[in-house]
Every structure is written in structure tokens, then in C-alpha cells.
Amino acid sequence: MIERIFRSSRFLVLVAVATTAISAVLLYGVSLNTMIHLLLELTQQFPSSANDSKSLAVKLLKLLDLLLIAITFQLIAISLYRLFVKPLPAEQSASLGPLDIRSFHDLKKTLIQVSVVIIVILFLEHAVEVGARLETLYFGAAVSLVVFSAVYAWKNMK
């Protein structure tokens with residue numbers, strides 16, 4: 001009886017799956033809305049100076065950052081579903097590429113890789129927005145330390 005309860009409790013993960021899936025959809029919707037507004041803004045006033053172009057670049061980097069976070073939520077939702085609710089047979093999951101997550105270990109590796117890309121984009125955003133200042137050097141040092149630590153952890157996962 002207890003074993004049956006434990007097996008059935010795996011469906012509680014559906015709460016996390018639904019929450020992360022809805023979050024991903026919301027973030028995709030916000031990204032699409034942001035892109036539409038950016039396009040409308042461009043049709044009204046095309047960048048005519050270097051500062052306007054930098055501002056556009058920063059907005060696009062922020063949009064890319066938001067999309068990567070949405071992808072991360074989507075990956076988490078799919079992974080949790082496949083790990084707990086309905087695992088896929090090996091022949092079906094082989095064609096999924098990055099979505100072929102068979103364990104928490106695979107999920108952690110994928111999340112570290114996506115997080116590193118997001119962190120690098122955040123640094124690029126900052127560098128374009130602020131420019132070459134001492135603050136950017138400090139921020140770059142902090143980012144490089146975090147990226148180094150993440151890559152080290154990823155390489156040493158067994």
C-alpha cells in the first residue's frame with residue numbers, strides 16, 4: 001500500500017511541471033510583445049546615432065536574455081515531466097538532442113550551460129550599456145569567476 005502511495009505521489013511533480021510550463025509560455029508571450037514594441041519603435045524612429053544604436057543593441061540583448069530564461073523554464077518543465085511522470089523509451093528520446101534529459105545529472109548540466117550563456121549575455125549588456133569603466137572591469141571579473149566555477153562544476157560532474 002505504501003509503495004502504491006509513493007508511486008502515485010510522483011504525479012505531485014505535475015504541479016512543478018505546470019508551473020514551469022506556464023512560466024515559460026508567459027515569458028515567451030512577454031518576449032513576443034517586447035519584440036513587437038521594439039519593431040513599432042523602430043518604424044517610428046530609426047536609430048540615427050551611435051548612442052541610439054547602442055540602446056537598441058541593449059534592448060535586443062535583454063530580449064535575448066528573456067528568451068533564454070523562457071527556454072530554461074521550458075527545459076525544466078519537460079525534464080521534470082520525463083523524469084517523474086512519463087519517461088520516454090530510448091529510441092524516441094535519441095532524436096530529441098538537447099531535450100534528451102534522462103537524469104537530474106543531465107538536467108543540472110543543461111541548466112549550467114544555459115546559465116553560463118545567460119550570464120555572458122548579462123555581461124555583454126552591461127558592457128554595451130555602461131562602456132569601458134572600472135565598474136565594468138569589476139563586473140567582468142565577477143562574471144568570469146562565476147563562469148569559471150560553473151564550467152569547473154560542469155566538467156567535474158560524474
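This is a predicted model: local features need pLDDT of at least 70, side-chain atom pairs count only at pLDDT 80 or more; totals for chains, interfaces and linings use all residues.

User: What share of the residues counts as buried?
Analyst: That would be 24% of the 158 residues in the protein.

User: Let's look at how helices pack. At what angle do α2 and α3 cross?
Analyst: Their axes cross at roughly 160 degrees and come within 8 Å of each other. An angle over 145 degrees counts as roughly antiparallel, and α2 and α3 are therefore roughly antiparallel to each other.

User: And which residue classes make up the contact of α2 with α3?
Analyst: The contact residues divide into 27 nonpolar, five polar and two charged.

User: Left-handed or right-handed, that crossing?
Analyst: Left-handed: that is how α2 passes α3.

User: OK, now α5. How are the axes of α3 and α5 placed?
Analyst: Helix α5 covers residues 104-130, and its axis comes within 9 Å of the axis of α3. The two axes cross at roughly 170 degrees, which makes α3 roughly antiparallel to α5. For the contact of α3 with α5, the residues are 20 nonpolar, three polar and five charged.

User: Nice. What about L64, which helix is that in?
Analyst: L64 is found in α3. With a relative accessible area of 39%, L64 is partly exposed. The C-alpha atoms of L64 and I121 are separated by 8.1 Å, and these residues are 57 residues apart along the chain.

User: And N51, buried or exposed?
Analyst: N51 counts as exposed because its relative accessibility is 59%, and the cut-off is over 50%. N51 is also found in helix α3.

User: Switching topic: pockets. What volume does the largest pocket have?
Analyst: The largest pocket has a volume of about 160 Å³.

User: Which residues line the largest pocket?
Analyst: The lining is made up of L38, E41, L42, Q45, F46, P47, D52, S55, L56 and K59. By class, that gives five nonpolar, two polar and three charged residues.

User: Which helices supply at least two residues of that lining?
Analyst: Those are α2, residues 13-44, and α3, residues 50-85.

User: Which of the helices gives the most to it?
Analyst: That's α3, which supplies four residues of the lining of the largest pocket.

User: Great. If I open the viewer now, what should I look at?
Analyst: You could begin with α2 and α3, the roughly antiparallel pair, and then find the largest pocket, with L38, E41 and K59 among the residues of its lining. After that, follow α3 to its contact with α5, which includes 20 nonpolar residues.

Key:
Residues are numbered from 1 along each chain as its sequence is written. Side-chain values use heavy atoms; hydrogens and water are left out. On a 1 Å grid over the protein atoms alone, a cavity is a set of points where a 1.4 Å probe fits but cannot get out, and a pocket is an open set with protein on both sides within 12 Å along at least five of seven lines; lining residues have an atom within 4 Å of a point. Grid points are joined across faces, edges and corners, and a volume is the space filled by probe spheres set on the points. Ala, Val, Leu, Ile, Met, Phe, Trp, Tyr, Cys and Pro count as nonpolar, Asp, Glu, Lys and Arg as charged, and the others, Gly among them, as polar. Axes are lines fitted to C-alpha atoms, for helices over the stretch in contact, and angles run from 0 to 180 degrees between N-to-C directions. Angles under 35 degrees count as roughly parallel, over 145 as roughly antiparallel, 65 to 115 as roughly perpendicular and the rest as oblique. A crossing is left-handed if the near helix is turned anticlockwise from the far one by less than a right angle, and right-handed if clockwise. Buried means under 20% relative accessible area, exposed over 50%, partly exposed in between (1.4 Å probe, protein chains only).
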